[in-house]
Amino acid sequence: MQFMLLIYSDESAGPKPETPEFGELMQGYGAFTEEVKTSGVMESGAPLQAVATATTVRVRNGSTEIIDGPFAETKEQLGGFYILDCEDLDTALSYAAKIPTAKHGSIEVRPIMVFE
Amino acid sequence: MRDLELAEDVLQDAFVAALQHWPRHGVPAHPRAWLLRTARHKAIDRFRRDANFQLKRTEMEILTELESGAMPDDFDEAIEDDRLRLVFTCCHPALSEQARVALTLRTIGGLTTTEIARAFLVPETTMAQRLVRAKRKIKGAGIPYVVPAPHLWPERLNSVLAVIYLVFNEGYAATSGDQPTRAALCDEAIRLGRILLELVPREPEAAGLLALMLLHDSRRDARVDSTGHLVTLELQDRSLWNLQQINAGTRLLRRTIDRDRVGPYQIQAAISAVHARAGNHDATDWHQVTSLYKHLYELHPSPVIALNGAVALSFAAGAEAGLLALTELNGQGALEHYQPFHAARADLLRRAGRAQDAAIAYRRALVLTRNVAEQQFLEARLQELLQ
């Protein structure tokens with residue numbers, strides 16, 4: 001079963017670049033990615049650029065609207081994701097708890113829809 | 001079997017078959033084994049019936065396993081394992097609390113949707129939807145139908161205990177509606193507690209929870225008077241307490257506490273046992289109750305526990321000492337909207353002879369009360385004070 005682990009956090013909180021804490025965070029991500037790769041559950045994953053770079057597109061009555069910013073202004077922003085192939089939700093949740101951002105942000109776990 | 005819905009369906013099929021078969025042919029020598037074997041056949045039937053659909057890989061595997069597999073040596077064990085899996089699945093923390101309670105009552109307790117809806121004062125369609133949504137989440141979210149791995153065990157067991165205690169409290173405290181005790185829910189929670197303890201006999205908190213429920217429930221007949229009004233512990237007719245339940249709860253607790261793995265349910269049961277031992281309110285060992293609350297607060301710091309501790313202290317060391325503890329507790333006004341805080345404070349002020357302050361506190365508590373019986377109780381106390 002494939003699960004998407006969506007990584008949310010408040011961009012203005014959490015470790016700042018060029019601090020020792022930030023280095024630790026990056027090291028944590030390195031180790032986590034290594035772990036999911038070696039255990040064979042990794043499908044894909046990527047960090048996203050800051051929410052300030054987001055653009056939202058909508059098509060209404062045939063015309064395209066382009067808006068600066070994310071779809072919804074929220075306290076925590078989507079910062080990246082992993083797609084993991086796990087046996088069940090319990091396994092996916094244990095991996096989610098190991099994602100470094102889980103310590104200051106939150107990880108949403110969603111099964112990926114399968115068309116049969 | 002790894003599929004909750006399938007397990008539930010085929011067991012139900014097996015029970016239906018038993019109802020048709022047993023009266024005619026007599027109860028088989030090993031009823032449990034008969035049920036399990038029948039359930040297995042029913043599962044195979046179901047898969048065959050679905051054969052015109054494309055069988056999913058896992059279902060194919062289960063079918064092969066079912067058709068070729070020898071019966072397990074110990075039927076009882078197999079059934080127990082299956083029930084334990086059900087318990088943990090129904091109480092999985094990925095489900096909402098409401099869904100956990102409803103699913104547990106439906107699947108483990110065997111209550112009908114109508115019965116559960118009535119107990120929780122919601123329309124039957126609402127409860128039916130809640131159950132359907134919960135089952136859909138189990139399937140869709142990939143909640144496993146397994147006994148959790150050892151590292152997850154403590155957290156998951158806590159979730160199971162919390163669900164059972166929630167059922168009990170819903171019956172015992174009845175936060176809304178005009179029935180002070182919805183006895184059926186208490187009975188059901190105690191039954192669930194017994195099932196759980198049979199499944200995990202080595203877990204002291206499972207025993208602690210059962211002891212706690214038995215001890216609380218022993219006061220059922222004394223908690224409400226003939227007019228349906230709530231009677232506080234202090235004024236209860238202790239001859240109405242159920243001695244058999246008190247003894248059962250106390251015995252269970254004594255066996256458990258020896259094991260030296262103390263948790264919040266065991267401590268709460270111990271507090272209840274101190275009350276059960278006392279011939280009357282004044283004879284209660286309030287010093288012990290106070291120290292048990294202190295211990296409980298260390299494990300689980302919450303305002304409710306501190307509040308109860310302050311009330312116990314007031315009986316051990318006087319109303320003024322209790323009031324002082326309450327004032328400290330409300331520090332930043334965190335309990336301003338908490339009904340039990342004002343009810344407890346009103347009572348302490350009354351006992352301290354500060355009638356005017358007590359009346360204000362009773363009125364504040366009344367505004368925050370939803371339960372009719374409790375409103376009547378507070379109103380009566382207020383009227384006594386004003387005379």
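This is a predicted model: local features need pLDDT of at least 70, side-chain atom pairs count only at pLDDT 80 or more; totals for chains, interfaces and linings use all residues.
## Nonpolar cores

The largest nonpolar core has 91 residues. Within this core, the residues with the most contacts are A:Leu5, B:Leu105 and B:Met213. The list therefore names residues from chain A as well as chain B.

B:Leu105 can be looked at in more detail. Leaving aside residues up to four places away in sequence, B:Leu105 touches B:Gly110, B:Leu111, B:Ile116, B:Phe120, B:Val167, B:Leu185, B:Glu188 and B:Leu192.

The size of an interface is often given as the accessible area lost when the parts come together. Between chain A and chain B the buried area is about 720 Å². Carbon and sulfur atoms give 56% of that area. Counted by residues, nine from chain A are in contact with twelve from chain B.

Three residue pairs are in polar contact across the interface of chain A and chain B. Helix H2 of chain A, residues 89–98, gives the most to the side of chain A that touches chain B, with four residues. By type, the residues on that side of chain A are five nonpolar, one polar and three charged.

## The salt bridge between the chains

Over all chains, the structure holds 14 salt bridges. A:Asp90 lies in helix H2 of chain A and B:Arg156 in helix H8 (residues 153–173) of chain B, so this pair joins two chains. The side chains of A:Asp90 and B:Arg156 meet in a salt bridge with an N to O distance of 3.1 Å. One salt bridge is found across the interface of chain A and chain B.

Are these two partners buried or exposed? Both A:Asp90 and B:Arg156 are buried.

## Salt bridges within chain B

B:Asp347 forms a salt bridge with B:Arg381, and their closest N and O atoms are 2.9 Å apart. This pair links distant parts of the chain, 34 residues apart. B:Asp347 is in helix H16 (residues 339–351) of chain B, while B:Arg381 is in helix H18 (residues 372–386) of chain B. B:Asp347 counts as buried because its relative accessibility is 16%, and the limit for buried is under 20%. B:Arg381 has a relative accessibility of 10% and also counts as buried.

Another salt bridge joins B:Asp357 and B:Arg354, with the closest N and O atoms 3.6 Å apart. Here B:Asp357 is partly exposed at 33% relative accessibility, and B:Arg354 is partly exposed at 34%. Elsewhere, salt bridges that share partners join A:Asp90, B:Glu155 and B:Arg156 into one network.

## Two residues with positive phi

Which loop holds A:Asn61? A:Asn61 is in the loop between strand S3 (55–60) and strand S4 (63–68) of chain A. Although A:Asn61 is not a glycine, it has a positive phi of about 50 degrees. A:Asn61 counts as exposed because its relative accessibility is 85%, and exposed means over 50%.

B:Leu121 is not a glycine either, and its phi is positive at about 55 degrees. B:Leu121 is found in the loop between helix H6 (113–119) and helix H7 (124–141) of chain B. With a relative accessible area of 49%, B:Leu121 is partly exposed.

Note on methods. Residues are numbered from 1 along each chain as its sequence is written. Chains are lettered from A and ligands numbered from 1 in the order in which they are written. Side-chain values use heavy atoms; hydrogens and water are left out. A nonpolar core is a set of buried Ala, Val, Leu, Ile, Met, Phe, Trp, Tyr and Cys residues joined through side-chain atoms within 4.5 Å. Buried means under 20% relative accessible area, exposed over 50%, partly exposed in between (1.4 Å probe, protein chains only). Contact means heavy atoms within 4.5 Å. Buried area is the accessible area (1.4 Å probe) that two parts lose on being put together, summed over both. A salt bridge is a side-chain nitrogen of Lys or Arg within 4 Å of a carboxyl oxygen of Asp or Glu. A polar contact is a pair of N or O atoms within 3.5 Å; within protein, one must be able to donate a hydrogen and the other to accept it, and residues adjacent in sequence count only if both atoms are side-chain atoms. Ala, Val, Leu, Ile, Met, Phe, Trp, Tyr, Cys and Pro count as nonpolar, Asp, Glu, Lys and Arg as charged, and the others, Gly among them, as polar.
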